[in-house]
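Thank you all for coming; I would like to walk you through one model this morning. Please have the sequence and the structure open while I talk.

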Amino acid sequence: MLSLARPLAVSLALLISAATGHAASDVAVEVKNESEPVLCAEKDNVTIKAISPEVRRFRIEAAHPAYIAGLLRDNWDADWTDCDMSGDPVHKAPVPPQRITFYESIEYWLVGYTFESFWRPADTTFRVGDRVEKGLHLVQLWKLGKTGSYEVLVVYPQDGYWRVRPLPPPQLSAAAYGSSFLFGPIEQDGARPVVNIKEIAFDPKTLSFNLAFKDGSSGTLKLDSVDQDRMVLDAVLDKPVTGGKAFAALRSMYVTEFNNDVARIAIREPGAKGWREELLMPFAGGKATDVWMGRATHSRHNTSSPDMVFRSFSKDPNPPAKPEAKK
């Protein structure tokens with residue numbers, strides 16, 4: 001057990017260190033586990049939901065796993081063993097597959113893709129200034145790094161799934177994506193949780209994605225920072241998500257301890273003197289001010305994919321005051 005506990009303790013120590021200077025949570029959220037066992041490594045069977053009728057603001061982090069410094073070989077290959085996707089819905093795209101670059105600066109650029117088909121109809125629009133693109137299935141945000149360009153964020157506008165990752169560590173040319181997250185009023189579409197988005201507008205000046213949800217509410221995801229350790233997003237809702245619905249969720253996959261994108265969870269419960277750490281699949285849920293989801297040991301699937309953290313839950317939509325610089 002020591003080999004499992006020590007890397008997890010390192011990850012949590014890094015989380016606590018990274019939180020310095022940021023507002024602590026003033027809300028404890030309900031953390032609900034709706035994960036189900038599967039044999040297919042390419043199916044999202046992990047669902048961890050965050051529920052609160054009060055939260056207006058929180059932070060989302062993607063941080064390299066604790067073992068990243070010693071990782072010399074990665075594995076991104078898809079594993080279709082024991083997978084049957086024949087029952088998935090298929091909606092043909094109204095236009096041929098295409099790739100478009102609709103924003104570009106020296107440091108960042110935005111690229112969109114239309115595929116031959118997708119599992120949902122493509123009716124969400126994507127906007128940058130006066131330019132509007134309809135029917136995109138995937139949008140990528142790229143950043144210029146020290147050794148070249150690097151994709152740091154993707155969003156699937158038609159179902160509201162996001163993936164983020166830090167810049168790669170020095171010894172790797174790139175790092176893998178892994179878990180996805182949902183942000184906004186989460187609905188159920190068949191067996192899959194989704195966020196129904198009417199429009200996404202990207203603001204290059206603030207590196208913000210402004211979301212208009214189909215239920216009439218709105219939200220913003222702002223890229224706060226990204227480096228070789230972590231990416232931090234600031235998430236704001238125009239009003240709390242009520243009615244027992246989740247306002248955020250992690251979606252991922254777990255087959256075995258050695259074949260997964262996320263395997264463990266740790267939460268900080270209100271008033272607790274320490275973290276509660278558990279294997280993810282049997283996790284029974286609870287109340288938390290911070291939620292960490294990641295790995296303590298290597299996986300054969302997306303080995304370098306980041307740990308994910310939800311934290312700093314607040315009723316206040318305004319950013320906390322930054323501490324004054326010491327004179």
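This is a predicted model: local features need pLDDT of at least 70, side-chain atom pairs count only at pLDDT 80 or more; totals for chains, interfaces and linings use all residues.

Residues are numbered from 1 along each chain as its sequence is written, and side-chain values use heavy atoms, with hydrogens and water left out.

Four of its five residues are buried, so strand 23 is largely enclosed by the rest of the structure; buried means under 20% relative accessible area with a 1.4 Å probe, protein chains only. Strand 23 pairs antiparallel with strand 24, residues 276-279, over four bridges, and antiparallel with strand 26, residues 290-294, over five bridges, where pairing requires at least two DSSP bridges. Ile-267 has Arg-276 as its bridge partner in strand 24, while Ile-265 has Met-293 in strand 26.

Turning to the rings, which pair if their centres lie within 6.5 Å, with planes under 30 degrees apart counted as stacked, over 60 as edge-to-face and the rest as tilted, we count 12 aromatic pairs. Phe-58 and Phe-310 pair edge-to-face, at 6.2 Å centre to centre and 80° between the planes. Phe-58 lies in strand 3 and Phe-310 in strand 27, so this pair ties together parts 252 residues apart in sequence. Both Phe-58 and Phe-310 are buried.

Conventions
Buried means under 20% relative accessible area, exposed over 50%, partly exposed in between (1.4 Å probe, protein chains only). Helices (H or I, at least four residues) and strands (E, at least two) are DSSP runs, numbered from the N terminus. Rings of Phe, Tyr and Trp (its six-membered ring) pair if their centres lie within 6.5 Å; planes under 30 degrees apart count as stacked, over 60 as edge-to-face and the rest as tilted.
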